[in-house]
Structure formats: structure tokens, C-alpha cells
Amino acid sequence: MNTPQENGGLRCGEVLADLSAYCDGELSGSRRAAIEAHVRACPDCARFGGAFAATLRALREQLSAPADVPADVAARLAAALRRSRTG
Amino acid sequence: MTSDTPTDHELLTAAAGGDAAAFEVFVVRHRGAVYRYVHSLTKNVTDAEDVLQQTFLAAWRAAADARVEHGARPFLFTIARHALHRLHRSHMLITEDAVSLEELGSRAGFAAPHVTAERLAQAVEERAILAAAIEDLPPLEREVLQMRDLDGLSGDQVAAALGIGLEAMKSRLHRARLRLIAEVRRRVPTEDCL
């Protein structure tokens, strides 16, 4: 990829710019097909695209569930809400 | 309430009528996400707790007017964001940097001939590496990544919560994701040829 390649009618930089939209399912069918054609012919973009998608998957799988607040924070929040209702 | 698991809309409607127990259920459901959001931006437990309390106090007062048919997180994050702005105006006003997308891609390994997706995929499977990489993102990018990828808000919801257009949100999110990969890559030993 040191030399920009044009495959599927797209250059590597255009694929880079569209990776999020691709992963989020926001591209038109023709644009999606063009990216997939480029990636089939460009091993560098295929590798980087795979790493990009793997990172998004890992984010969602590992970190998407928020921990609850610490118990003392929860207690003070509840107390503040009680005060606001009674005050 | 119409089911065993009331919706956010049902809980806030009940809260608007003075049902403190319904609001408590609402608070328990969302306090972790709100706290994570504000803590990730303040990196300070005292300020995070302050904003957490302000957020739910404001939500209680605004329960009658809240539009949460599609979930309450955008509503809560918007309140929290305003509270954060009041508390940390200078911090939150950090502007987006001028690094080009190509440069961000390069830092993430896009132009690296030896990048190995397998090694990077291994690195992102290490929760500590991923969490540390998020911590090192600029606040605006950390914020959009958290709302969209960690809390699962839709693009429209994130854009509304951030007060920006959808395309601007998408651009910021893409930069955040590339910078996250760059931060993960920076944490992988160089002998792994990433």
C-alpha cells in the first residue's frame, strides 16, 4: 500500500475513509460492492480492514456493559434525590 | 407500567406523577452508564459524582417533558454534557485536532507494510490495553466512541446528544476509531512488527 492502488474503482485512501461507514452498514450497495472488490484485490486493505473490524468487535464485546457505580456513590446519589424530593 | 420490565418512557411518566420508586428503578438502570461517561471525561471521581447527581436531579425535574421513547441515554447524556460544560468549560472546549485522516490511518498501521491484523486483533482482545487506549483519546473522540460503540446509541442519537450534525458525528467517530487503533498499536511491542 506504499504505492496507492486503485482496485474496484477505488484508491486505498478512499477505502480508509469509508471503513467506519462500511462497518456500520451505512453505505449504498454499489459503494459497498466497490469496497469489497478493492479489498479482494488489495491485501493491505484487507488486513487493515480486518484489524479495524476486529477492534470494533472487541470494543463492543469487552467494554459495552458499564459497571454499576461504586456503592458509596450510589448511596450518596440516592440521598441527594431523596433530599430534592423532600426539600 | 405495562410489563415486568418497564420502559424508560413508562418509568419517567410515572416519575413525573411523583412515583419515586419508578424513578429509583430508572436511576439504577442508567447510573452506571452516566457515571462511566462523565468519569471518562473528567477523570476525576469527585467531579464525576457531582455531575452524576446533577444529571439525575435534572432528570427528575424534567421527567414530565423528557422524550425517551427510544431510550433514555441520549436524554441523560445531553443533561450530563451540559453539566460537564459548566464544570469544565475549558476542558470540554478542546477543539478537534488538525491531523489528517491519512496521518491517523498511518499511525493506526494503514500504510505499514508489516501490519499484522492477527497481532492487532490479539492486542484488542486484551481488555486492559483497549481500556488504556480509550483513556488516551482526546476528550471529544473518547466521548463519541463511548456513546456510539460502548453505549450503542444510534448515529442520530449521538449527534443530537453532542449537538452536532450527523455527518460531523460520523467524521469524529471515524477519527476516534482510527486513533484508538493507533493507541492500541503503540502499546504492542515493536518486535511484533506492527
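The C-alpha centres of domain 1 of chain B and domain 2 of chain B are 26 Å apart. The model is predicted: local features need pLDDT of at least 70, side-chain atom pairs count only at pLDDT 80 or more, and totals for chains, interfaces and linings use all residues. Residues are numbered from 1 along each chain as its sequence is written, and chains are lettered from A in the order in which they are written.

Domain 1 covers 8–92 and domain 2 covers 101–192 of chain B, with bounds from an automatic or database domain assignment. Their contact (C-beta atoms, placed from the backbone, within 7 Å) takes eleven residues from domain 1 and ten residues from domain 2 of chain B. On the domain 1 side, H2, H4 (73–87) and H5 (89–92) of chain B each supply at least two residues; H4(B) gives the largest share, five residues. Helices are DSSP runs (H or I, at least four residues), numbered from the N terminus.

Chain B also touches chain A, with 39 residues from chain B and 33 residues from chain A.

| Side | Nonpolar | Polar | Charged |
|---|---|---|---|
| Domain 1 of chain B, touching domain 2 of chain B | six residues | three residues | two residues |

B:Asn44 is in the loop between H2 (20–42) and H3 (45–61) of chain B.

Terms used: Two residues are in contact if their C-beta atoms, placed from the backbone, lie within 7 Å. Ala, Val, Leu, Ile, Met, Phe, Trp, Tyr, Cys and Pro count as nonpolar, Asp, Glu, Lys and Arg as charged, and the others, Gly among them, as polar.
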